[in-house]
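Hi everyone, thanks for coming.

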Amino acid sequence: MSLQEINFDGIVGPSHNYAGLSLGNLAATRNAGATAYPRAAALQGIAKMKANMAMGLAQGFFVPLPRPNRGWLEALATDESTDPALKAGAWSASSMWTANAATVSPAPDTADGKCHLTVANLVTMPHRSHEWPDTLSQLRLAFADSAHFTVHDPVPPCFGDEGAANHMRFVSGHDEPGLEVFVYGRPGGRFPARQHEQASRIVTRRHGLDPARMLFVEQAPEAIEAGAFHNDVVAVANQNVLFVHQHAFADPKGTYDAIRARCPGAQVVEVPSDRVSLEDAITSYLFNAQLLTPPSGEMTLVVPEECRDNSNVWSWLQDMLAGNGPIRHVNVVDVRQSMANGGGPACLRLRVVADPAKVDQRFMLDDAKAERMEAVVGEFWPESIDPAQVGSEALADQIRTARAELLEILGITELA
């Protein structure tokens, strides 16, 4: 078996809009009411995937979920008096952020030697709480090989689970047993702490993880208050490297020591707050980046354009590259449409360590598929959506047609 890390990106759906539904996500609430550009958003995401493939990395994808979600609207008994935010929630394209799709434990970490995935329940935010049934169907299709994968139902909704956005894994090589780190928040602040510690503990028991190779870490309340609604807004890990803001964790030193004790050789690249403030980190999404190891072996950080726009962030990155640290390259990508709704490069992908040959090949990207995707997006995705259009039956028909055309050219009609 040839295990490697596969990044599964969410194709930005044709209903992409800025309704400002996500409390604590400052970009989303700041841009509420702005005009969104679904076609440009999807093309930006596909370009990011193609850039990763050009580095020699395995790349997968997930398709948009059916929107508007008529079943959810019916369950809410919506009528003319219904809160517009609930109606908008049925149109949300937020499943594009597949870092929240599931928590993944690779086969070397689990008791039965299979890759385990638990679909996230996303119960904290109403507009995301209805994603999981369709996400689960997609995961069970993509990872249907039961000899290599087990896909679990969500954690019971009494405990909020937001998936891989609050999960990190430390390991020398992806095919070796690793240390899995689960980051949680404590409730009671101005913004909700979306990841419950008990949700993560349930996931570890389901996945059959070794207690000696897992760690539970509290996210710093000040980071959540500043708008770091998920850990991946202030920290990202790859192999044995942690790239992290100074104020990401409630107990930074204790966290670093625990990681180093359980993962010998682990390196911490900490960005000090006197160089990059939490505000700078969150507005630029410096840490909501993809930290990757291409076949060249030179670790690469994929950051959004907003990092180059922020002088403090860009200056620190240049100083880092001038040093002799483990991160050797910084690649810049344009995902501005996603960023304006609060999701950077890391939000758009779910990492799965597996043999790519064992994945349903319809979900694995190549250049020909990317070209077909771009053609469908260019022809069928709405060019723009103003929030006032949300609820329009004509727009709903266009969105449904666009998704159906995508599923058809990909041969994934089971999800229609």
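**A sheet, a helix pair and a buried glutamine**

Let's start with the open sheet: three strands, in the order E6-E7-E8, with mixed pairing. Strand E6 (167-170) and strand E8 (214-218) are the edge strands with a single partner each, so one side of each has no neighbour in the sheet. From one strand to the next, the twist averages 25 degrees. Pairing here requires that DSSP finds at least two bridges between two strands. Helices (H or I, at least four residues) and strands (E, at least two) are DSSP runs, numbered from the N terminus.

A quick word on the ground rules. This is a predicted model, where local features need pLDDT of at least 70 and side-chain atom pairs count only at pLDDT 80 or more, while totals for chains, interfaces and linings use all residues. Residues are numbered from 1 along each chain as its sequence is written, and side-chain values use heavy atoms, with hydrogens and water left out.

Back to the sheet. E6 pairs with strand E7 (residues 179-184) in the antiparallel sense, over four bridges. Within that pairing, Met 168 is opposite Val 181 in E7. Helix H9 (residues 252-262) packs on the sheet and touches E6, E7 and E8, and its direction makes about 170 degrees with that of E8. Contact means heavy atoms within 4.5 Å; axes are lines fitted to C-alpha atoms, for helices over the stretch in contact, and angles run from 0 to 180 degrees between N-to-C directions.

Now for a helix pair. Helix H2 (residues 38-54) packs against helix H14 (residues 367-380) at about 170 degrees, with the axes 10 Å apart. H2 and H14 are therefore roughly antiparallel, a label for angles over 145 degrees. Among the residues making the contact are Leu 43 and Ile 46 of H2, and Met 373 and Val 377 of H14.

Next, is Gln 138 buried or exposed? Gln 138 sits in helix H6 (residues 132-142), and at 4% relative accessibility it counts as buried, meaning under 20% relative accessible area with a 1.4 Å probe, protein chains only. Beyond its neighbours within four places in sequence, Gln 138 contacts Phe 62, Val 63, Leu 65, Phe 363 and Leu 415.

Finally, the whole protein. There are 15 helices and 15 strands, and 58% of the 416 residues count as buried. The C-alpha trace spans about 55 × 45 × 40 Å along its principal axes.

Technical notes:
Angles under 35 degrees count as roughly parallel, over 145 as roughly antiparallel, 65 to 115 as roughly perpendicular and the rest as oblique. Buried means under 20% relative accessible area, exposed over 50%, partly exposed in between (1.4 Å probe, protein chains only).
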